[in-house]
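Dear colleague,

I am writing to hand over a structure for your attention. Please find it below, followed by an account of what was found in it.

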Amino acid sequence: MLPYYIYFRSKCILPLIAFAVIIVSICIIYTYTKTPTYSDELIAIDSLCNDTPTTAKKQITKYEHAHKNRLNTDEIWYLRFLKFKLNVKQLKNINNDNEARALLNNFESEADENVLKQLYYYVGTLYHLLGDAPKAMDYCHQGLSLIQETTETEQLRGLYYYLLSYVMTYQHLDKEALNIQLKSLDIYKRNKNYKRMIYSYISISWSLKNLDYIEKSVQYLLFAKKLAHKHGLEELMPTLNCQIAERYYELQRYRLAEKYINIALPQIPDVDKSS
């Protein structure tokens, strides 16, 4: 017969140790896979970043003062993400990718897909602004791979398509860009996002011009102009009129080119009309 302590170890202690290892493993897995949760107030500020960046910036400052010395690690990182998002949107403090890399390292290690879906878009935008097209395109593709094609994600997918096509145009990949621009336009039509629709029409017009479909390019711009007028988006008129003038000039329709330049000049702020 086995000594009692050997019997006890094999029948009682070893199963208890195995059970303890399982419990510890579960705790470790939970710690490293749980998705951080954020307060409703922070999520509301995130939404403000999309529509009213100036208000969002004030709310971030207010939130930090109200919760001074009580912010947990997740909240601190989320606030850093919101500040980065605002900086990219407002073209501020975008001389390098230091903050982008720090944010990527944190949210990728946390596997926080809810933030990563947005973060990849703004990191992609940053790299486009820094002139690194391969990285810009890579982060666009990474972001799109996280987003399911549902109604709820359409606006974000539209932004990714717009950015990706914009980067492609700069790489002279106009045919590929055009296919993506049409996807983006389709999303904005369904959501009746008229401002974004006009931006899509402008992008499509640019790709068509580069592909030598200049006549068709003008038609997209003229339609965009009607849409802008109909929905009170007068701030887009100078851009549209200038681009229409440019297309007519390329078509050697100089009178029409002059007509749209003369329409555009009074619409452009701080232009010396006498020069």
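Which residues line the largest cavity? The lining consists of P36, Y38, D74, W77, N106, F107 and E110. Here a cavity is a set of points, on a 1 Å grid over the protein atoms alone, where a 1.4 Å probe fits but cannot get out, and lining residues have an atom within 4 Å of a point. The elements that contribute two or more residues to this lining are α4 and α5. By type, the lining residues divide into four nonpolar, one polar and two charged; Ala, Val, Leu, Ile, Met, Phe, Trp, Tyr, Cys and Pro count as nonpolar, Asp, Glu, Lys and Arg as charged, and the others, Gly among them, as polar. The volume of the largest cavity is about 40 Å³, and the count of cavities of 30 Å³ or more comes to one. A volume is the space filled by probe spheres set on the points, with grid points joined across faces, edges and corners.

Please note that this is a predicted model, in which local features need pLDDT of at least 70 and side-chain atom pairs count only at pLDDT 80 or more, while totals for chains, interfaces and linings use all residues. Residues are numbered from 1 along each chain as its sequence is written, and side-chain values use heavy atoms, with hydrogens and water left out.

As to the overall fold, the protein chain has 13 helices and zero strands; helices (H or I, at least four residues) and strands (E, at least two) are DSSP runs, numbered from the N terminus. Of the 275 residues in the protein chain, 39% are buried. Buried means under 20% relative accessible area, exposed over 50%, and partly exposed in between, with a 1.4 Å probe and protein chains only. Among contacts (heavy atoms within 4.5 Å) between residues at least 6 apart in sequence, 57% join residues at least 24 apart.

The largest nonpolar core has 69 residues. Such a core is a set of buried Ala, Val, Leu, Ile, Met, Phe, Trp, Tyr and Cys residues joined through side-chain atoms within 4.5 Å. Helix α6 (residues 113-129) supplies the largest share of this core, nine residues. The residues with the most contacts inside the core are F84, F107, L119 and I198. Leaving aside residues up to four places away in sequence, F84 touches E99, A100, L103, L119, Y122, V123 and L126.

Turning to charged pairs, there are ten salt bridges, each a side-chain nitrogen of Lys or Arg within 4 Å of a carboxyl oxygen of Asp or Glu. One of them joins E64 and K83 at 2.6 Å, N to O. E64 lies in helix α3 (residues 53-66) and K83 in helix α4 (residues 73-89), so this pair ties together parts that are 19 residues apart in sequence. E64 is partly exposed at 25% relative accessibility, and K83 is partly exposed at 35%.

Another salt bridge joins R80 and E99 at 2.7 Å, N to O. R80 belongs to helix α4 and E99 to helix α5 (residues 98-109), so this pair also ties together parts that are 19 residues apart in sequence. R80 is partly exposed at 29%, and E99 is partly exposed at 28%.

D97 and R101 form a salt bridge at 3.2 Å, N to O. In this pair, D97 is buried at 15% relative accessibility, whereas R101 is partly exposed at 46%. Elsewhere, salt bridges that share partners join E154, D186 and R190 into one network.

With kind regards

Note on methods. 1 Å grid on protein atoms, 1.4 Å probe; cavity = no way out; pocket = protein on both sides within 12 Å on 5 of 7 lines; lining within 4 Å.
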